[in-house]
Structures are given as structure tokens and as C-alpha cells.
Amino acid sequence: MKFLTKINRNFFFLFTFMLLIISVAGYFILNAMFLEEAREGLARQSAMIQDEIQKTGELPQYDPLTQITLIAPPKGKLQSSIHKINLPNKKEDEVEPYAEYNRQVLIRGNYYNIRLLQKMIESDDLVASIGGALFLLLVLSFMVSYFVNKRMNQTIWKKFEENLHLIEHYNFQTKEPFALRQTGIDEFDRLNAIVFKMTQKLHDDYQSLKEFTENASHELQTPLSIALFNLEELLQQPLSEETFKKVVTSMNALKRLSNLNQNLLLLAKIENRQFTQKEKINAREILEHKLAELKPLLDFKKIDVQWEHRNDCFINMHPFLADILINNLLTNAMNHNTPKGMISLSTTTDTIQLCNTGLPEPLNATKIFNRFEKGNPHSHGLGLAIVKQICDTHHLTIEYTFSDKHCFSIILPEHPTNKTANQTFSNH
Amino acid sequence: MYEYDIILLDITLGDGNGLDLLKIIKKHNVQAGIIILSAKNSLDDKINGLDLGADDYMTKPFQLTELNSRIKALLRRRKFDGSHIVAFNEIALDTDSKTVIVNQQRITLTRKEYDLLLYFMVNKNRVLTKEAIAEHLWDDNIDLADNFDFIYTHMNNLRKKIKRCGGKDYIKTLYGMGYQFTDQ
């Protein structure tokens, strides 16, 4: 809910509540006022009647709303009172409220009671008029607040919204400094200053982290290269079998180390989202390309490749990552296969699936994507971790299932079963 | 000024970025072939380097034999004076038409066998490890952990095909871990 809407809603509730109280109070106050007004009028009227009787000495003939009766002398002081009473109206078949005014007077030694009736406003009429006024007020205030909001959105909140938009679309990859617009409103400008300071710090940290990972990789790869060069040169000398094997083993160990370093670096880069440049990639094409590349190996291992569905499957991804994703899944399916086994592939608009024959029992689905979880002792155990990381950073779901084959499925976010996940993401 | 055939350019130089140097080289219209050597396996650097006019890009650590192959390949591409023929005794390999002639007879090799033979011939007399060969034949991204048998099979097929045309077997196996293409 927008800030203004929230404020308005609160204001509106409060306003309604207040109006309700005011109208209930107003009802009673008005009732009392009307009665008081009636009392004043009737008192004046009774005084005039009293004067008339005093002057003429006889009881005047009045309308039925005025009754003058001779009464016994009252015990205390002469009293006057006003009540509200309901009298039936036969014509309209309803009761109508009247103010009944009684006043005891002493004229020429005789005590009289003057009773006067005056028609009052009906309560439902009163309620209706107060309710109507309330409703009108509400509608009016609602309209006013709506237009005021609209106007404020265009003026006060506009720059704030623009800044929000800037923050939303800010990417640490960009080298330009993060600049928010001045709003001219103290609170917003303060917020801008804080956000600016924070992002500046984060940006610097991010840059140094990025540089660190790359530099660390470089600083590791260069000595590795030197060691490898020297070992390779050593290999060219006449060597005994024992020495030869030691040199080769050392070279392989160094290469594994370098490979591990590169893969860890790649993982860090994916985690840091350093592959921003995204393209529309067709997974089917990459899969076909990789298959062609691996065909000699697959033929050699007599692994049969079958396509279940062979449709276009478009993913928005950095081409390098897409290549690694498919490559790792496919080599995984190949390396953990059985001789004369099979790989079945499927690409649809919203899924990519690779199934392979292999060990007869399922793998530990929670562990296989962990780093250094090795399927065989020669691998570095990062292939599937990289796959998972790529999927996670691209909001793709990866699932491992086992029936008679080991299946890895990537589900694209457009897929209905994945929609909720996608929606929660879009809310961020 | 000297004229160089090949420039090996390290991106991370002591006093600046190799890519900047590459720009200067290209500005001076130097005709040399350029191979970038980098420790950074970052695609951006690779694309930048190739866009700036480099001919090849190698990520450290690489093997000298691999570098040798790339240099020779670049030389072959650069020169148009018939140097697209790589010859070793009775074996001649035409890198343009990708054909192999042994004792004046043409032999048919698979793509991988051809790559393997070319790699051997370019790096003749050098000791090559199984891993170096596997790495050359395949993308470095492919986890070749248990696929060395494949290379062995290819090696044997290649030997047979050359022998069939009366060629000698120049592929020497060293303690089951390395190979050498030599006539010594």
C-alpha cells in the first residue's frame, strides 16, 4: 500500500469514526436544543396567555393544543416543566413527537395549569438529515483527499518515486557513481544521503571483492604456470621411470589445483552476479552443439543418446554461463554413465531435462549439489555446484529425481508450478 | 625496427594492462600475429582481446606444447607461402584441406585423429602427457577424468592407419603416462 493511500485510509477511518461520534452527539444535542427552543417559545406563549387571563378575567378559547385547567393550590412553588411525548396521528397512522409544556400560574387568586403542545421534528427525520449530511461530508472529504493525493503524487512524491526507481535499478556492476535526485524535502534528502553513503561503501566493497577474486586467481595461476612450465621442461630430459612418473603426477596435481581454483573463482563470480550481460539463449541449440562436440566420446563409450522432446527452450542468460550449465550437466550424464548406457534429453519451452543410466540406486538429492561432493575420485566435485549456483542466480529450479535413470530437470520460472516463486521474486 | 611474426602478450604487465598495449600495437599497424596470455579466465577479457585484434587467447596455466601448437597454427594462418603443409618424414599434413598423406597415399582420419596427429607433428620430439593431449583435444571445460581410454583408442587407430600405408610408428609410449612423436 502506498504511503499516501495508507495515510489517507487511516485519516478516512478516523474521519468516519469522528463523524459518527459527532453525529450521535449531534443527535442528542440537537434534540435538546429543539426542546429548549420549544420551551422558550412555549414559556413566552404561556406568559402571554397568563396576561390575557389576568386582563380579561376569563379563560380564552384556544386551539386543542392549548389547555388551561383550574387546579388545586400546589404545595410548594409554582412549577413549570417540559417533556417530549408521542401523540398518535390518525391520519398518517403513526405517532408524532410533541413537546408538552406545563406551567402552573396564579391568576386572581385561582391556580391554573397551562398545558401547551408543540410539534417537534421526528427523530427518523433528524437521523436521516444528520446521516445525509455525514454521507455528503464523507464523499466530499474523500474526493478532496483523492485530488490532493493526486496532486501530491505529482509534486512531492514524484522525485521520491524517481529516486526509488533509481535505487531499484541500480546495479553494482555499473561503474558510474550512484546519484539520487535532490527532492527539496528534508526527510527525503536525509534518506538519500544515507542511501548514498551506504551504497558507496557497498560499491567499494563490491569492487574490491571483485578485484580480489580476480587478482587472487591471477596470483595463483602465474606461479602454477611457472611450476608447470618447469616440470614440462624437466619431462623433456631423459628420466628414469620413477622420476618420470613423479613429474607427471606433480603436473597433474598442479593442473587439478589450477582447475579447482578456476572453478571456485567461477562460482564466486556467479554468486557475485558478475555475469550481467544476458542474452536470449536457446538451450536446445547449446545442447545439440555440445552433443556434436562430445559425439566421439559418447560413441566410444557406446552411450546411446535419445531425444524425448526437442523443442526450443529460451533462457535469458549470459552465453558463457549457459554454455557451462549445459556442459556440466551433459558431461555429468556422460561421466557417471554405465558402459553401453543411455542419455535421454528433453527440451520444452519451460523445461530442460537430462536423464542418464548409472548407479542402480538414487543419489542423495540434498547433497549432490554441494561443493566438493564427488561422484568419482578424479572430479573436483564442483560441476553440479556450479549448475546449482547458475540456476539459483537465474531463478531456475533444478530438481534431481531417480526412477530407473538419474534425471536432472531445470524448470524455467514461467512454468506454472513455479509461478509463486517467481511472483515472490518480482515483489522484491 | 624489427619485424616480428608473433607477439605473445601478457595481459597483466608490471606497468599496465596488456590490452592497452594491444591497442597501441594495432594503432601502429603492426602485422605480427598476437596471442594473449592471461591468468584471468574472464570472458570479457577474452572477447575484448579478440575484438581488439588479437589472434588467439590462452588462459594460464597452459602447457608449452599447447602454446607451441597455437604459435605454429597462427604462423600457418599468417603465411600464404605453402607453409600450410606440416611434414615429418613420410607423413605430410595439409592444414588447409585437412588431409594427410603418408607415402603419397591419402589416409582418412577422424577429426580427433587428425587433431592428434597435428599436435604430435607440431610438437615432435617433445614428451607429451596424456593429460596434455586430452586437454588439447577437448575443451578445458570437459571433465575428462576417466576418459583417457578414449585417447588410447584413438592413438591406436592412428597408428594402424599410418602403418597401413607403410608409415613408421613414430608414437613412442613413455611409461604408460606420456607420449613422444619421434624418429630417434
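Predicted model: local features only at pLDDT ≥ 70, side-chain atom pairs only at ≥ 80, totals over all residues.
1. **How to read the labels.** Residues are numbered from 1 along each chain as its sequence is written, and chains are lettered from A, with ligands numbered from 1, in the order in which they are written.

2. **Chain B as a whole.** Start with the overall picture: chain B has six helices and twelve strands. Helices (H or I, at least four residues) and strands (E, at least two) are DSSP runs, numbered from the N terminus. Of its 184 residues, 51% count as buried; buried means under 20% relative accessible area, exposed over 50%, and partly exposed in between (1.4 Å probe, protein chains only). Among the contacts in chain B with a separation of 6 or more, 53% come from residues 24 or more positions apart, where contact means heavy atoms within 4.5 Å.

3. **Where the chains meet.** Chain A brings 44 residues to the contact and chain B brings 38 residues. About 3700 Å² is buried between them, and carbon and sulfur atoms give 59% of that. Buried area here is the accessible area (1.4 Å probe) that two parts lose on being put together, summed over both. Two salt bridges cross this interface; a salt bridge is a side-chain nitrogen of Lys or Arg within 4 Å of a carboxyl oxygen of Asp or Glu. A:E233 and B:R126 meet in a salt bridge through their side chains (2.7 Å, N to O). On the chain A side, α4 (186-235), α5 (241-271), α6 (283-300) and α7 (319-335) each supply at least two residues that touch chain B.

4. **Salt bridges inside the chains.** Over all chains the count is 23 salt bridges. In chain A, the side chains of A:R181 and A:E162 pair at 2.3 Å, N to O. A:R181 is in the loop between α3 (156-168) and α4 and A:E162 is in helix α3, so this pair ties together parts that are 19 residues apart in sequence. A:E271 and A:R371 form another salt bridge (3.6 Å, N to O). Because A:E271 lies in helix α5 and A:R371 in the loop between β9 (351-356) and α8 (383-393), that pair ties together parts 100 residues apart in sequence. A:E271 is partly exposed at 42% relative accessibility, and A:R371 is partly exposed at 36%.

5. **A pair in chain B.** B:D169 and B:R159 form a salt bridge, with their closest N and O atoms 3.2 Å apart. B:D169 lies in the loop between α6 (148-164) and β11 (171-174) and B:R159 in helix α6, so the pair ties together parts ten residues apart in sequence.

6. **Aromatic rings.** There are 14 aromatic pairs over all chains. Rings of Phe, Tyr and Trp (its six-membered ring) pair if their centres lie within 6.5 Å; planes under 30 degrees apart count as stacked, over 60 as edge-to-face and the rest as tilted. A:Y400 and A:F408 make a tilted pair, 5.2 Å centre to centre with 50 degrees between the planes, and both residues are buried. In chain B, ring pairs link B:F88, B:F120, B:Y170 and B:F181 into a cluster.

7. **A look at B:T182.** B:T182 sits in the segment after β12 (178-181) and is buried, with a relative accessible area of 7%. Not counting residues up to four places away in sequence, B:T182 touches B:F88, B:N125, B:Y170 and B:K172. A polar atom of the B:T182 side chain lies 3.1 Å from the backbone nitrogen of B:Q184.

8. B:N125 lies in the loop between α4 (111-122) and β10 (127-129) of chain B and is partly exposed, with a relative accessible area of 29%.

Definitions and conventions: Heavy atoms only, no water. Polar contact = N/O pair within 3.5 Å; in protein donor to acceptor, adjacent residues only side chain to side chain.
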